[in-house]
Amino acid sequence: MSAEPLSAGDPTSGPAAERTPGPSPSRRGRRLAPVRAVPPPPTTPIVRPGRHAAPDDTPDGSANEAPGTTTQRPGRLVAPETVAAPPPVVRQPPAPTPTPTPAPPPRPEPARADETPEQHAARRVRQTWTEVEPQVDELADWFAALLFSLAPESRALFPARVTEPARRLLRSLVLPMSTVDRPGELRPMLEPLVREHRALGLRAEQYEALGVALIGAMRRFGRTWDEATEHAWVRAFSLAAGPMEQAVRAAAAPAVAEGTVVGHRRLSWDLAVLHVAPDAPVPHRAGQYLTVEIPQRPRMWRPLSPATAPRPDGLLEFHVRAVEGGWVSRAMVAHATPGDRWRLGPPAGRLGLDPRSTREVLMVAGGTGGAPVLALCEDMARWTRPRPCTVFLGGRVPEDLTVLDRLHELAEHHPWLAVAPVCEDDPLDERSQPGTLPDAVVRGGDWSRHDILLSGSPSMIRATASALLVDGVPLDRITYDPFTD
Ligand SMILES: Cc1cc2nc3c(=O)[nH]c(=O)nc-3n(C[C@H](O)[C@H](O)[C@H](O)COP(=O)(O)OP(=O)(O)OC[C@H]3O[C@@H](n4cnc5c(N)ncnc54)[C@H](O)[C@@H]3O)c2cc1C
């Protein structure tokens, strides 16, 4: 997923074998010439501190309204000029107080004598990105507005509210840019990003506008931005986006698959199980997620994890929880109907079992995070030598454990699988133990020699990972895809 955190490591720590001299211009792909040619501040609404712009009106603007938000949009403030001015108040002039001198902005670090241009570029990208991360939403709005003024046709790729998809697109550019000093890591990262860009509908011709918009936005928000930094960003963009642009240009297969909803079963007011029959099987691995777009919420792509291992007929099962105020999940739970056509983006994600490992497996899943865990267990049931596996499946109430019956069924036929349900708010439920997932997991055994997969909300993953680390589990044994970005 494009949401992976940027590597914060020291660029000089990259494997020496991977340090390459700067490629010649012809190998770098097209360089960004017109970086200086950023147009004047865009007219597209931009969210600024204290004065939030309303979302754009688009042809499908109404379809994008979250239930209950039509009259009052969160974050929409009254323009200051529409508020009546208060009556003048006569005051004594205040006693002069010393004005604190504002701290000078930090100075960018110059290039080091012992680093290659790629190492310098990647290091500057990482440093500047760390500076702007706290303002990433404003940066994303600015980036989107610049992009739309440079390439107006790109507006149609985004929903009315651009912040979240623009943020995701930004990260998908900055992540490889921060890795241009490590070709061994960069290369495998580009393919899934290219698939993601194609699913979004980006065309090769739009990469130049992407670069200019990105650097224009960074220039606006980077506190230590200077000419050398700008050169570093241009170099990093050329090295990372050049191959992506070429791959998009060369791609022949369609970027997204389509499928038909063939089943919709509501388990409770906020939970549903959906079956989607793709027109052709979508190649993916058990544990991976797909991004999907539904007709009720055009252009609002969301990741969903299939709850079944890939099947010969390609049928996909999704377990969806409607989150409070959620635009897409509520529509999936409440309004998806058999016959709806869904668009299915490329598979991605790190959740999976390393076939070279022989260690026992611990899987911990909260709520609908059980879906990829069930898929992985179904997949392992097909292996000739499955590895002993314990699954902790947690939720607030028993209804949250949507995959529990299926896991129990598997465990009945496969002695390598043990299932431990955990319920927070229903201590009387006989099938599960009470308490929270992290407590139950730590109470349940010594996991320091297991491969561990975590799946569910970021808070559950954070709490469980922390409890396991305190309990002596090495960090590199824990794998997860948190259910957010
Ligand atoms: C790798 C991955 C796999 C996923 N798999 C599944 C799956 O199998 N089933 C499933 O139901 N969901 C899954 N999700 C979550 C899903 O993609 C959406 O994020 C979620 O449905 C909310 O989308 P929305 O448009 O309804 O909410 P939005 O309109 O995007 O957000 C509305 C509000 O809800 C909050 N929010 C967003 N996501 C969550 C969340 N997961 N939990 C709590 N609050 C949230 C937001 O911060 C915001 O305040 C997965 C996410 C990821 C990253």
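This is a predicted model: local features need pLDDT of at least 70, side-chain atom pairs count only at pLDDT 80 or more; totals for chains, interfaces and linings use all residues.
Two packed helices are described by the angle between their axes and the distance between the axes. For helix α2 (residues 136-150) and helix α5 (residues 207-221), the axes come within 8 Å and cross at roughly 140°. The two helices are therefore oblique to each other, an angle having to be over 145 degrees to count as roughly antiparallel. The crossing of α2 and α5 is right-handed. On the α2 side, the contact is made by E138, L139, W142, F143, L146, L147 and L150. Helix α5 contributes A209, L210, V212, A213, L214, G216, A217, M218, R220 and F221. By residue class, the contact of α2 with α5 comprises 14 nonpolar, 1 polar and 2 charged residues.

Helix α7 (residues 328-335) is largely enclosed by the rest of the structure, because 6 of its 8 residues are buried. The buried residues of α7 are V328, S329, R330, A331, M332 and V333. Their cover includes the strands β1 (257-268), β2 (271-278), β3 (289-293), β4 (302-304), β5 (316-321) and β6 (341-348).

Helix α8 (residues 370-380) has 9 of its 11 residues buried and is therefore also largely enclosed by the rest of the structure. Buried in α8 are G370, A371, P372, V373, L374, A375, L376, C377 and M380. These residues pack against the strands β7 (361-366), β8 (389-395), β9 (417-423) and β11 (451-456), and against helix α9 (404-413).

Note on methods:
Residues are numbered from 1 along each chain as its sequence is written. Side-chain values use heavy atoms; hydrogens and water are left out. Axes are lines fitted to C-alpha atoms, for helices over the stretch in contact, and angles run from 0 to 180 degrees between N-to-C directions. Helices (H or I, at least four residues) and strands (E, at least two) are DSSP runs, numbered from the N terminus. Angles under 35 degrees count as roughly parallel, over 145 as roughly antiparallel, 65 to 115 as roughly perpendicular and the rest as oblique. A crossing is left-handed if the near helix is turned anticlockwise from the far one by less than a right angle, and right-handed if clockwise. Contact means heavy atoms within 4.5 Å. Ala, Val, Leu, Ile, Met, Phe, Trp, Tyr, Cys and Pro count as nonpolar, Asp, Glu, Lys and Arg as charged, and the others, Gly among them, as polar. Buried means under 20% relative accessible area, exposed over 50%, partly exposed in between (1.4 Å probe, protein chains only).
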